[in-house]
Structures are given as structure tokens and as C-alpha cells.
Amino acid sequence: MRKQKSFDINANWTANSPIKGWRHYRVSKRFYKEKDLWLELMAVCDSKVLIQLSVSELKNGENWLIGWK
């Protein structure tokens, strides 16, 4: 079994501050906008809460942590 990558479907992320009331998210979709990879993140406790972020926003590290913290 291969190791989970941080931008794969079902990869886990934690927001440093709550977004739409939640901190724990999971990658639900990957897509490209003008050659840039974007991810749709779904709140773990509420599947109706979806946010879209570019990979560069997640890599920044100021607002997001890889995994659940």
C-alpha cells in the first residue's frame, strides 16, 4: 500500500483557525484552474461544508497544517 500524499483525495488538513465553523478537512476533489492545481476540501464533521483552495495556499503553512492536529 502506498503512502498517502498531502494533496491526494482523502488527505487530511487542519485549519489554524476555524473556517465555516470547522478546523478539520479532507480533500474531496482535485482540479486545475489555468495550470494551477486546486483542491476542494470537505469538513470532516459536515459533508455539506466545502471550500476550494489552491495548492499554493495550503503550502503557505500560515493557515493550514498537514494532517489532523
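**Entry 1: one leucine.** I looked up the neighbours of leucine 39, leaving out residues up to four places away in sequence. Leucine 39 touches Phe7, Val27, Lys29, Arg30, Phe31, Ile51, Gln52, Leu53, Val55 and Leu58. I note here that the model is predicted.

**Entry 2: the core.** Which residues have the most contacts inside the largest nonpolar core? I found Trp13, Tyr25, Leu39, Leu41, Leu58 and Trp64. The core has 16 residues. I then listed the elements that give two or more residues to this core: strand 1, strand 2, strand 3, strand 4 (46-54) and helix 1 (55-59). Strand 3 gives the most, with 4 residues.

**Entry 3: strand 3.** I checked how covered strand 3 is. Of its 8 residues, 6 are buried, and I call the strand mostly covered. Strand 3 spans residues 36-43 and runs antiparallel to strand 2, with 8 bridges joining the two. On its other pairing, 6 bridges join strand 3 to strand 4, again antiparallel.

I followed one residue through both pairings. Leucine 41 in strand 3 is the bridge partner of valine 27. In strand 4, the bridge partner of leucine 41 is isoleucine 51. Leucine 41 is also among the core residues with the most contacts.

**Entry 4: strands 1 and 2.** How many bridges pair strand 1 with strand 2? I count 4, in the antiparallel sense, between residues 12-19 and residues 22-33. Tryptophan 13 stands opposite tyrosine 25 in strand 2.

Entry 5: I put the pairings together. The 5 strands form an open sheet in the order 4-3-2-1-5, with antiparallel pairing. Strand 4 and strand 5 (64-66) stand at the edges with a single partner strand each, so one side of each has no neighbour in the sheet. Ignoring direction, neighbouring strands are turned by 35° against each other on average. As a reminder to myself, strands of a sheet pair through backbone hydrogen bonds.

Entry 6: I picked serine 54, which is found in strand 4. Is serine 54 buried or exposed? Its relative accessibility is 8%. Buried means under 20%, so serine 54 counts as buried. Tryptophan 38 stands opposite serine 54. Leaving aside neighbours within four places in sequence, I found serine 54 in contact with Leu37 and Trp38.

**Entry 7: the chain as a whole.** I stepped back to the overall numbers. The chain has 1 helix and 5 strands. From the N terminus on, the elements run β-β-β-β-α-β. The radius of gyration is 11 Å, close to the 11 Å that the globule rule gives for 69 residues, so the chain is as compact as a globular protein of that length. Along the principal axes, the C-alpha atoms fill a box of roughly 30 × 30 × 25 Å.

I finished with burial, surface and contacts. Of the 69 residues, 33% count as buried. The chain exposes about 4,900 Å², and carbon and sulfur atoms supply 51% of that area. I also took contacts between residues at least 6 apart in sequence. Among these, 32% join residues at least 24 apart.

Notes:
Residues numbered from 1 in each chain as written. Predicted model: local features only at pLDDT ≥ 70, side-chain atom pairs only at ≥ 80, totals over all residues. Heavy atoms only, no water. Pairing = 2+ DSSP bridges. Core = buried A, V, L, I, M, F, W, Y, C linked by side-chain atoms within 4.5 Å. Buried < 20%, exposed > 50% of the residue type's maximum accessible area, 1.4 Å probe, protein only. Contact = heavy atoms within 4.5 Å. Axes fitted to C-alpha atoms, helices over the stretch in contact; angles between N-to-C directions. Rg over C-alpha atoms; globule rule 2.2 N^0.38 Å. Areas by Shrake-Rupley, 256 points an atom, 1.4 Å probe, with all protein chains shown as cover.
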